[in-house]
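Open the model in your viewer and keep the selection panel at hand. The stops below go one selection at a time.

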Amino acid sequence: VSRDRAIDVEAGYRFLDRWTLSGAARRTTRWPAAGGRSQTTLGAGRLGVDVTPDVNVFGAQQITLEKTTGLKDNDLSTLGLRARVMNGLHLRGEASTGDRGQALNVGADYAASLSTDHTRLPRSVFTVGQRTEVSDQLRVFTEHQFQHEDERAGLAQVYGFDYSPTDRTTIGVSGQLSEIETDAGTTERDVGTLSLSYVGDAARMGSMVEYRRDIGAEERRQWLTTNSMTYRAYEWLTAIGKVSLSHTRDWTNDDRGAKFVEADAGLAYRPVHYDRLNLLGKYTYLYDLPSEGQGDGSAVDERSHVFSLEGIHELGHHWEVGAKYAHKRGEIREDRDAGDWIDTNVGFAAARARYHLTQEWDGLAEFRWLRVNETDDRRSGVLIGLYRSINDNLRLGLGYNFTDFSDDLTRLNYESHGWFIDIVGTY
């Protein structure tokens, strides 16, 4: 059985408010099943600049510092871009070329924070750790994090392992012990996480449970869990589901607790014998009871039901038309965990057309409407975009939203105006 061991060292520094410089080194030792040992040491540097508050452009260079005779160099040059589309959602794209080939990487990061500790401070984190592949089924890792912010500093130790009892199942366990220093004193934070994932021919499932305890300057207990599922019942019908739950008790302020629930259920329909048509219907339930100290005081209690239906139809080789309708029926209250609920009803509709300019390039135009019934607030506008096909299953687009709202009614904050990057994947 082959074994791998890797030791990583990373450091980063931010200067002039817009620039970020970071470096990393990795030493990998491998013991192949056939016997012997090989080692490789890589070094990398990265320089990034915030072109706008929402767009970051970066370049990175990786070089081979040391390697066992007979191994190929692994030098790599990378240029990339990362953009914030909305709160929590970042899209990224990067192109690389090096000794071992070329690559184009696109992706999205979504931070669905269920914690009621929403403090956002400039910070600097230095991490040292290692990951060891004990066997084909077991991987063990450890990290030591040194954190410094304007108003706090801390030291964290993370230990964990990933175990794959079968080719389809992975179990993850990790624990974190940390100390956080603030002006109010020292807080000890303990975190335990258990995760389970399964990838089958028809079903994909993932689940994570985490417990967090803060003792000291802040007294908190938090439980949270996220669970997702995709099941292909037939070639033409796929079911999707997701549930996220969080409960936090803040003993410092004698807080009765913060709660968060978001649940999604949907069906995707694509006829086998008429694959020009795609339909997606989804239902979302949202309940959000923020903590007393969350944000700037503008957060409100909310419980909502959102129904949406969208479809896409191909017309010949060049044109593709689509439409979406969503309705949000909810209630809000401005006094936290007290007072009367106020009804809210929001409707959204969009009509879009896509034209295949060439085999790889598409142009998109969308007209969208929004109406808030209680205030009779009506808004409308246009969204345009230009897309490039990366392969048969992936498209990357750049566009501009002339309105200030998005099609996600669970996060209706009127901050969606401007440039965006869009990634479309099909399977």
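Strands here are DSSP runs of E, at least two residues long, numbered from the N terminus. The model is a predicted one. Its mean pLDDT is 82, and 86% of the residues reach 70 or more.

**Stop 1: strand 4**

Select residues 55-67, which make up strand 4, and pick out Phe58 within them. Is Phe58 buried or exposed? Its relative accessibility is 10%, so Phe58 counts as buried, the limit for that class being under 20%. Now show what surrounds Phe58. Beyond four places in sequence, Phe58 is in contact with Arg46, Leu47 and Gly48, with the run Thr78, Leu79, Gly80, Leu81 and Arg82, and with Glu94. Draw a C-alpha to C-alpha distance from Phe58 to Leu81: it comes to 6.3 Å, across 23 residues of sequence.

**Stop 2**

**Stop 2: the largest nonpolar core**

Select Val306, Ala326, Val346, Phe348, Ala350, Leu370, Val372, Phe405 and Leu409. These nine residues form the largest nonpolar core. Strand 20 (342-356) and strand 21 (361-372) are the elements that give two or more residues to this core. Which strand gives the largest share of this core? Strand 20 does, with three residues.

Centre on Ala350, one of the core residues. Not counting residues up to four places away in sequence, Ala350 touches Gly322, Ala323 and Lys324, and also Glu366, Phe367, Arg368 and Trp369. Then move to another core, which lies apart from the largest one. This other core has eight residues, including Val85, Leu91, Leu383 and Ile421.

**Stop 3: a nonpolar surface patch**

Select Leu315, Trp319, Val321, Tyr355, Leu357, Trp361 and Leu386, which form a nonpolar patch. Together they have about 630 Å² of accessible area. Trp319 belongs to strand 19 (residues 319-333). With a relative accessibility of 44%, Trp319 counts as partly exposed.

**Stop 4: salt bridges**

The whole structure holds 21 salt bridges.

- Arg189 is buried, at a relative accessible area of 11%. Asp214 is buried as well, at 2% relative accessibility.

- Arg411 and Glu262: their side chains meet in a salt bridge at 3.3 Å, N to O. Arg411 sits in the loop between strand 23 (394-401) and strand 24 (418-425), while Glu262 is in strand 16 (residues 258-269), 149 residues apart. Arg411 is partly exposed at 25% relative accessibility, whereas Glu262 is buried with a relative accessible area of 8%.

- Arg354 lies in strand 20 and Glu320 in strand 19, so the pair ties together parts 34 residues apart in sequence. Both Arg354 and Glu320 are buried.

Definitions and conventions:
Residues numbered from 1 in each chain as written. Predicted model: local features only at pLDDT ≥ 70, side-chain atom pairs only at ≥ 80, totals over all residues. Heavy atoms only, no water. Core = buried A, V, L, I, M, F, W, Y, C linked by side-chain atoms within 4.5 Å. Buried < 20%, exposed > 50% of the residue type's maximum accessible area, 1.4 Å probe, protein only. Helix = DSSP H or I, 4+ residues; strand = E, 2+ residues; numbered from the N terminus. Contact = heavy atoms within 4.5 Å. Patch = residues over 30% accessible without salt bridge, like charges linked within 9 Å, V, L, I, M, F, W, Y side chains within 5 Å. Areas by Shrake-Rupley, 256 points an atom, 1.4 Å probe, with all protein chains shown as cover. Salt bridge = Lys/Arg side-chain N within 4 Å of Asp/Glu carboxyl O. pLDDT = per-residue confidence, 0-100.
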